[in-house]
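Please look at the sequence and the structure shown here, and keep both in view while reading the report that follows.

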Amino acid sequence: MLDSFEAAQAILKDIETANPESKEALEQYRIQYLGTKNVLKPLFEHMKTIPNERKKEYGQLMNTLKQAAENKFNELKSQFEDQADSNKYADLDLSAPAALSDLGSRHPVSIVMNKIISIFQKIGFVVAEDREIEDDWHNFTAMNTPEDHPARDMQDTYYLMNSTEFLLRTHTSSVQSRVMMHQKPPIRIIAPGRVYRNETISARSHCQFHQVEGLYIDENVSFADLKQTLLYFAQEMYGASNIRLRPSYFPFTEPSAEMDVYLGTDTEKTYRLTKGTGWLEILGCGMVDPQVLENCGIDSTKYSGFAFGMGVERQALRLYNIGDIRLLFENDIRFLKQFESTY
Ligand code: DAH
């Protein structure tokens, strides 16, 4: 009987002091103490020979033994796993420089738009932004294009859910009416943004594109101010020294004009940009029609102003010699990667 207690104590000691140094040794340990033919089994069988008054004590000792074997095994096992984990990174050079991830580049439309904005910011224009879902009044009526006005045909409009009131703005001129309703002159804003027209998508036209609108209202603003502002823009944007204003028509300006910049035909680039004529058409402009000022609560006897609006994609296509406007909306990373700019 004493033997059984002593044998059990001896095994407990073995269990606690065992120190397997390899995975294989640990497996041996498991088989020895926890396997189907483990060394504890015969000891359990000794129970029969233990006198009744000590059976409880022996039983507890056996439980301790079993528990100790399990605990020790689990502890050793997790030690080996931790070790394996840290071995996984043994070859890693933590001082090596990180692999560079690909940097994105600006979209060509953003590059051109930012350039236009910064040119006007230099002479005191501030950026104004507003909603793309616009109401009929701000997009058309306030801009002197009442319902049934034939000029509405100039811009095929997406109305929302068959509504006659809400639409996707057809031009950023709608920002003019938004600003004038809330701000007193002097007003000097530049309004960049996305616009929509119900047009068939092709290499040359798209149902969405970007415009930059300009508006300047103060006392005694004249056509000469408009002309000088646009000349400055042509110089900064295209390095052009000559512009021409061709008479045109827009409902919200009177008189109205379209502006071309003279780039010459002396280099391959300028020849291509101007289709050999030397002149590149850039924007529409004019003196704000007094009716527009009145519609928006500005006294047209005291104030006058000029406005202009230009498409961004058309300029981007020309400047980067891109043949198809759809490329600007597909967001193909291989295409976009080619553009780098400080703007
Ligand atoms: N809104 C015009 C368009 O989308 C562009 C434009 C022309 C804006 C003349 C103006 C302007 O402010 O004065 O075609």
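## The ligand and its surroundings

In this predicted model, a backbone N or O atom of Phe-308 lies 3.4 Å from an oxygen atom of the ligand.

How many residues surround the ligand, and which are the closest? There are 16 residues around the ligand, and the closest are His-171, Ser-173, Arg-197, Gln-211 and Glu-213.

## Helix H5 and its two partners

Two packed helices are described by the angle between their axes and by the distance between those axes. Helix H5, which covers residues 108-121, packs with helix H11, residues 312-319, and their axes come within 9 Å and cross at roughly 110°. Because an angle of 65 to 115 degrees counts as roughly perpendicular, H5 is described as roughly perpendicular to H11. On the H5 side the contact is made by Pro-108, Val-109, Val-112, Met-113 and Ile-116, and on the H11 side by Val-312, Glu-313, Gln-315, Ala-316 and Leu-319. The residues of this contact of H5 with H11 divide into eight nonpolar, one polar and one charged.

The axes of H5 and H8 come within 10 Å and cross at roughly 130°, and H5 is therefore oblique to H8. The crossing of these two helices, H5 and H8, is right-handed. H5 brings Val-112, Lys-115, Ile-116, Ile-119 and Phe-120 to the contact, while H8 brings Thr-229, Tyr-232, Phe-233, Glu-236 and Met-237. In the contact of H5 with H8, seven residues are nonpolar, one is polar and two are charged. Val-112 and Ile-116 of H5 are named in the contact with H11 and also in the contact with H8.

## Helices H2 and H4

Helix H2 (residues 23-34) and helix H4 (residues 52-88) pack at an angle of about 165°, and their axes are 10 Å apart. Why are H2 and H4 called roughly antiparallel to each other? Angles over 145 degrees count as roughly antiparallel, and H2 and H4 are therefore described in this way.

H2 passes H4 in a left-handed crossing. The contact is made by Lys-23, Leu-26, Tyr-29, Arg-30, Tyr-33 and Leu-34 of H2, together with Ala-69, Glu-70, Lys-72, Phe-73, Leu-76, Lys-77 and Phe-80 of H4. Among the residues of the contact of H2 with H4, eight are nonpolar and five are charged, with no polar ones.

## Details of the backbone

Most residues other than glycine have a negative phi, and most peptide bonds are trans. Against that background, the peptide bond from Pro-185 to Pro-186 is cis, with omega near 5°, and Pro-186 has its place in the loop between helix H7 (173-182) and strand E4 (187-196). A cis peptide bond also joins Glu-254 and Pro-255, where omega is about -5°, and Pro-255 lies in strand E7, residues 253-262.

Where is Asn-220 found? Asn-220 is in the loop between strand E5 (208-218) and helix H8 (223-238), and although Asn-220 is not a glycine, its phi is positive, at about 60°.

Key
Residues are numbered from 1 along each chain as its sequence is written. This is a predicted model: local features need pLDDT of at least 70, side-chain atom pairs count only at pLDDT 80 or more; totals for chains, interfaces and linings use all residues. Side-chain values use heavy atoms; hydrogens and water are left out. Axes are lines fitted to C-alpha atoms, for helices over the stretch in contact, and angles run from 0 to 180 degrees between N-to-C directions. Helices (H or I, at least four residues) and strands (E, at least two) are DSSP runs, numbered from the N terminus. Angles under 35 degrees count as roughly parallel, over 145 as roughly antiparallel, 65 to 115 as roughly perpendicular and the rest as oblique. A crossing is left-handed if the near helix is turned anticlockwise from the far one by less than a right angle, and right-handed if clockwise. Contact means heavy atoms within 4.5 Å. Ala, Val, Leu, Ile, Met, Phe, Trp, Tyr, Cys and Pro count as nonpolar, Asp, Glu, Lys and Arg as charged, and the others, Gly among them, as polar. A residue is near a molecule or strand if one of its heavy atoms lies within 4 Å of it. A polar contact is a pair of N or O atoms within 3.5 Å; within protein, one must be able to donate a hydrogen and the other to accept it, and residues adjacent in sequence count only if both atoms are side-chain atoms.
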